[in-house]
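This briefing covers charged pairs, nonpolar cores and a ligand site. Please keep the sequence and the 3D view open while reading.

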Amino acid sequence: MFKKFWLRKNQKDSSTLRDKIEEIKKMPVPNHVAIIMDGNGRWAKKRALPRIAGHHEGMKVVRKTTMLANRLGIKTLTLYAFSTENWKRPKNEVEYIMRLPEEFLGTFLPELVENNVQVKMMGYKNQLPVHTLHAIEKAIEETKHNNGLVLNFALNYGSRSEILDAVKQVLNDYNNGTLKETELDEKNFSSYMMTANFADPDLLIRTSGEIRLSNFMLWQLAYSELWFTDVLWPDFSEEHLLEAIETFQNRQRRFGGL
Ligand code: IPE
Ligand code: IPE
Ligand code: MG
């Protein structure tokens, strides 16, 4: 009896989701979605669990979000996983987070390969533990011929450092004569950023109720649509992503024009 009810309820839920997806696909979806996945610690605290339990739960949401983004035809999904400021956290938490790429990719890499997802990473690789970098580089290598969704992890990423480094490279190229002052424009400057091969995000999502950018893609988000929710990242569901995209589809982007 209960099982029957449960089955019926789930069938209904999945068909509602399917309908919603079809509805959303009738209108243009954002090309590039960037997400500040925040609130793992608070999610765990609410359940009297250690903060790392929240990070573990958040990993499952990364999978669901990736699969749905792929299904919707989004071209790039950038996920802020660790900032250059997050090293300030307790050592055990940082160590745990640095194990997550191995765990995530160890479990889901075959699924990503199968679904034509291409894994990429932006951020400072030098400070990452060898095991973390190794897991990511393996995933990048094994998915490099895929041409579906680009899943771009922002790991040890910081926007101000990225901009400063771009400026230093520009100075260097100017000094050695490979770049003339007249050649430097917004497009050219963008090519010095970690996002050189990406379009700017069309939509930025931040979970957990914080209304700030926390040093994320300051240059690239200049004209992105911003969508904030109080939902904590481990509670972020497919419905929430669809809601964000639906809101995006109903916004009018003017880029300063009329
Ligand atoms: C986001 O969740 C994940 C990372 C920054 C790595 P938090 O760990 O920041 O969770 P809160 O904000 O403390 O709840
Ligand atoms: C931003 O979240 C970084 C990531 C989600 C990876 P934080 O939790 O570090 O941001 P603040 O400290 O609240 O600004
Ligand atoms: Mg946080």
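A residue counts as buried under 20% relative accessible area, as exposed over 50%, and as partly exposed in between. At 36%, Arg-47 is therefore partly exposed. The model discussed here is predicted.

- Arg-42 and Glu-210 form a salt bridge in which the closest N and O atoms are 3.0 Å apart.
- Arg-42 belongs to helix α2 (residues 40-46), while Glu-210 sits in the loop between β5 (203-206) and β6 (225-228), so this pair ties together parts that are 168 residues apart in sequence.
- Arg-42 has a relative accessibility of 33% and counts as partly exposed.
- A salt bridge also joins the side chains of Arg-47 and Asp-235, with 4.0 Å from N to O.
- Arg-47 is in the loop between α2 and α3 (51-72) and Asp-235 is in the loop between β6 and α8 (238-249), so parts that are 188 residues apart in sequence are tied together by this pair.

- Glu-57 and Lys-60 meet through their side chains in a salt bridge of 3.2 Å, N to O.
- Both residues are in helix α3, three residues apart, which is about one turn of the helix.
- Glu-57 is partly exposed at 23% relative accessibility, and Lys-60 is partly exposed at 42%.
- Elsewhere, salt bridges with shared partners link Asp-38, Arg-42, Arg-206, Glu-210 and Arg-212 into one network.

**Nonpolar cores**

- The largest nonpolar core has 49 residues, and within it Leu-112 and Ile-205 touch the most other members.
- Helix α4 (residues 91-114) supplies the largest share of this core, nine residues.
- Beyond its neighbours within four places in sequence, Ile-205 contacts Val-33, Ala-34, Ile-35, Ile-36, Trp-227, Phe-236, Leu-241 and Ala-244.
- Another core, of 10 residues, lies apart from the largest one and has Met-122, Ala-154, Tyr-157 and Leu-204 among its members.

**Ile-97**

- Ile-97 is placed in helix α4.
- With a relative accessible area of 10%, Ile-97 is buried, because the limit for that class is under 20%.
- Not counting residues up to four places away in sequence, Ile-97 touches His-55, Ala-81 and Phe-82.
- The C-alpha atoms of Ile-97 and Thr-132 are separated by 9.4 Å, and the two residues are 35 residues apart along the chain.

**Ligand 2**

- Around ligand 2 are Ile-36, Met-37, Asp-38, Tyr-80, Ala-81, Phe-82, Asn-86, Arg-89, Arg-206, Arg-212 and Ser-214.
- Among these residues, Asp-38, Arg-206 and Arg-212 also take part in the salt-bridge network.
- Ala-81 and Phe-82, also around the ligand, are in contact with Ile-97.
- A polar side-chain atom of Ser-214 is 2.6 Å from an oxygen atom of ligand 2.
- The side chain of Asn-86 has an N or O atom 2.9 Å from an oxygen atom of the ligand.
- For the side chain of Arg-206, the distance from an N or O atom to an oxygen atom of ligand 2 is 3.3 Å.
- On its own, ligand 2 has 390 Å² of accessible area, and the protein covers 78% of that area.

Notes
Residues are numbered from 1 along each chain as its sequence is written. Chains are lettered from A and ligands numbered from 1 in the order in which they are written. This is a predicted model: local features need pLDDT of at least 70, side-chain atom pairs count only at pLDDT 80 or more; totals for chains, interfaces and linings use all residues. Side-chain values use heavy atoms; hydrogens and water are left out. Helices (H or I, at least four residues) and strands (E, at least two) are DSSP runs, numbered from the N terminus. Buried means under 20% relative accessible area, exposed over 50%, partly exposed in between (1.4 Å probe, protein chains only). A nonpolar core is a set of buried Ala, Val, Leu, Ile, Met, Phe, Trp, Tyr and Cys residues joined through side-chain atoms within 4.5 Å. Contact means heavy atoms within 4.5 Å. A residue is near a molecule or strand if one of its heavy atoms lies within 4 Å of it. A polar contact is a pair of N or O atoms within 3.5 Å; within protein, one must be able to donate a hydrogen and the other to accept it, and residues adjacent in sequence count only if both atoms are side-chain atoms. Accessible areas come from the Shrake-Rupley method with a 1.4 Å probe; for residues, only the protein chains shown count as cover.
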